[in-house]
Amino acid sequence: MTNEKKLTQAFVSALSIDEAQVVDSLQYNTIKEWDSTAHMVLIAELEDAFDVMLDTDDIIDMSSVAKAKTILQRYDVEFSD
Amino acid sequence: MLTDREPHLPEIIEEVLGLPVYELLQADKSAYLLPVFNQLHVHHTQQCASYFNAFSSHGSQFKTISELPFVAVRLFKLLNLKSVSEDKVTKCLLSSGTTGSTPSKVYLDAVTSRWQSKALVKIMQQFLGKQRLPMLIIDSPPQTSDGSLNARAAGIQGLGLFGRHHTYALNSDMSINWKAIEQFSAKFANVPTLIFGFTFMVWQHFILELQRTGKQVNLPQGHLFHSGGWKKLAAQEVDNTTFKQVVKRTVGISQVTNFYGMAEQVGSVFMECERGFLHAPVTADIIIRNPYNFKVCARGERGLVQVLSVLPYSYPGFSILTEDLGTLRGTDDCQCGRKGNYFTLHGRLPKVEIRGCSDTSQSPLS
């Protein structure tokens, strides 16, 4: 599975949203599914999927799907786009 | 003539969040925060009719922080105070009220919530570093939400950011979930862990219950953070020192940090230092006032605590007069090294209803 696919799956599973909704511009707290509770579930999903340990700054900074990619890249997770 | 665009209030608040948490000398901090509070005052005057009615006659540019108006904390129970339109409200925080008492309502928009989390993260990082630790929560798992969030659940969620493997120590009837605790302590006995609970819950439903049953829980590397009212504990003659001693004796935890915060100013909490004093972070400040004439008390003089925070943007709660009694102990010179104002608390003003996250828990034992 590509890293893009893994990322999408983590969002789909943590937020219970459709795959089509997981686009770079999707932002935290702009849809009811991505609230602060779901955010912590998302963090756990991403940590599992990419085998990383995210710190507290990462959790605060992860304000969009695009930002999630940027943060994961700092942990050597590569995305093609 | 065109002038340079004044920075918008949200940008200025973001800037304060970027400052070191405990390094600014009080004089520098006050000079930095005064224009921010002045702008917040103007913002709420423009956006909140109740705030306008109460305070617009006070002026708009105050020369010192102590001249700023303050909102009595109980107004958040009586009025729906908000400074953003209804469609911008993402969350309404309710301070859990006991039967017969009205809860406070605090309206949050997306940006205010984010600042609250960010401010709390910056403060907690000073004590825990950036890493997240296995977390034991001395409370029951959250009940399904109806859209509003009670203050206890919000507090747990806020601190939950610093945890991983979140484990709830209590069942929904407040009995101890022995299995959960045993698994947690077996797995994480030898690593640093984060333990969080509201003061009264930790005492009544965890510490006393362990003592009563004689069961052992050992988390020597745990760091317990707790907050909430002391009123019920004061009735049992348990003060902060006793609390720490008994926690150490019962669960082997020597790192115990109390903090002062409230639903009306989530995020900019006042943490207790190694010397036992509560410190104002860069995002907040305190002023102690005489309860009869509201004059500013001198260092060492007991009075009502006024709390100020740069975070309340969606509701007019940046300057609140609490019903808590405190004493300013000093400024810039605490032996722990943190700068700014530091203080101690002495509980509630007499005849004030019981409020606070842990005091409002309906205990079957009390």
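The following dialogue examines a predicted two-chain model.

Visitor: Which conventions apply to this model?
Guide: Residues are numbered from 1 along each chain as its sequence is written, and chains are lettered from A and ligands numbered from 1 in the order in which they are written. Because the model is predicted, local features need pLDDT of at least 70 and side-chain atom pairs count only at pLDDT 80 or more, while totals for chains, interfaces and linings use all residues.

Visitor: What is the handedness of the crossing of α1(A) and α2(A)?
Guide: Axes are lines fitted to C-alpha atoms, for helices over the stretch in contact, and angles run from 0 to 180 degrees between N-to-C directions. The axes of α1(A) and α2(A) come within 9 Å and cross at roughly 145°. A crossing is left-handed if the near helix is turned anticlockwise from the far one by less than a right angle, and right-handed if clockwise; that of α1(A) and α2(A) is right-handed.

Visitor: What is the handedness of the crossing of α1(B) and α2(B)?
Guide: Helix α1 (residues 9-17) and helix α2 (residues 26-47) of chain B have axes that come within 10 Å and cross at roughly 145°. Leu9(B), Ile12(B), Ile13(B) and Val16(B) of α1(B) meet Val36(B), Gln39(B), Leu40(B) and His43(B) of α2(B). This contact divides into six nonpolar, two polar and no charged residues. The crossing of α1(B) past α2(B) is left-handed.

Visitor: How many residues does the largest nonpolar core have?
Guide: A nonpolar core is a set of buried Ala, Val, Leu, Ile, Met, Phe, Trp, Tyr and Cys residues joined through C-beta atoms within 7 Å. A residue is buried if 20 or more other C-beta atoms lie within 10 Å of its own, exposed if 12 or fewer, and partly exposed in between, with C-beta atoms placed from the backbone. Leu93(B), Ile138(B), Ile195(B) and Phe196(B) have the most contacts inside the largest core, which has 95 residues. Apart from it lies another core, with Phe11(A) and Met62(A) among its 16 residues.

Visitor: Which residue of β3(B) stands opposite Leu93(B)?
Guide: Two strands pair if DSSP finds at least two bridges between them. Strand β2 (residues 89-94) of chain B is joined to β3(B) by five bridges, and the two run antiparallel. They belong to an open, mixed sheet in the order β3-β2-β5. The residue opposite Leu93(B) is Val106(B).

Visitor: Why is β13(B) largely enclosed by the rest of the structure?
Guide: Strand β13 (residues 302-309) of chain B is joined by six bridges to the antiparallel strand β12 (residues 284-289). Six bridges also join β13(B) to β14 (residues 319-331), again antiparallel. The strand is largely enclosed because its buried residues number seven of the eight.

Visitor: Is Ser16(A) buried or exposed?
Guide: Ser16(A) lies in the loop between α1 (3-15) and α2 of chain A. Its phi is near 50°, a positive value in a residue other than glycine. With 11 C-beta neighbours inside 10 Å, Ser16(A) counts as exposed.

Visitor: In which strand is His165(B)?
Guide: Phi of His165(B) is near 50°, again positive in a residue other than glycine. With 15 C-beta neighbours inside 10 Å, His165(B) counts as partly exposed. Its strand is β6 (residues 163-168) of chain B.

Technical notes
Helix = DSSP H or I, 4+ residues; strand = E, 2+ residues; numbered from the N terminus. Contact = placed C-beta atoms within 7 Å. Nonpolar A, V, L, I, M, F, W, Y, C, P; charged D, E, K, R; others polar.
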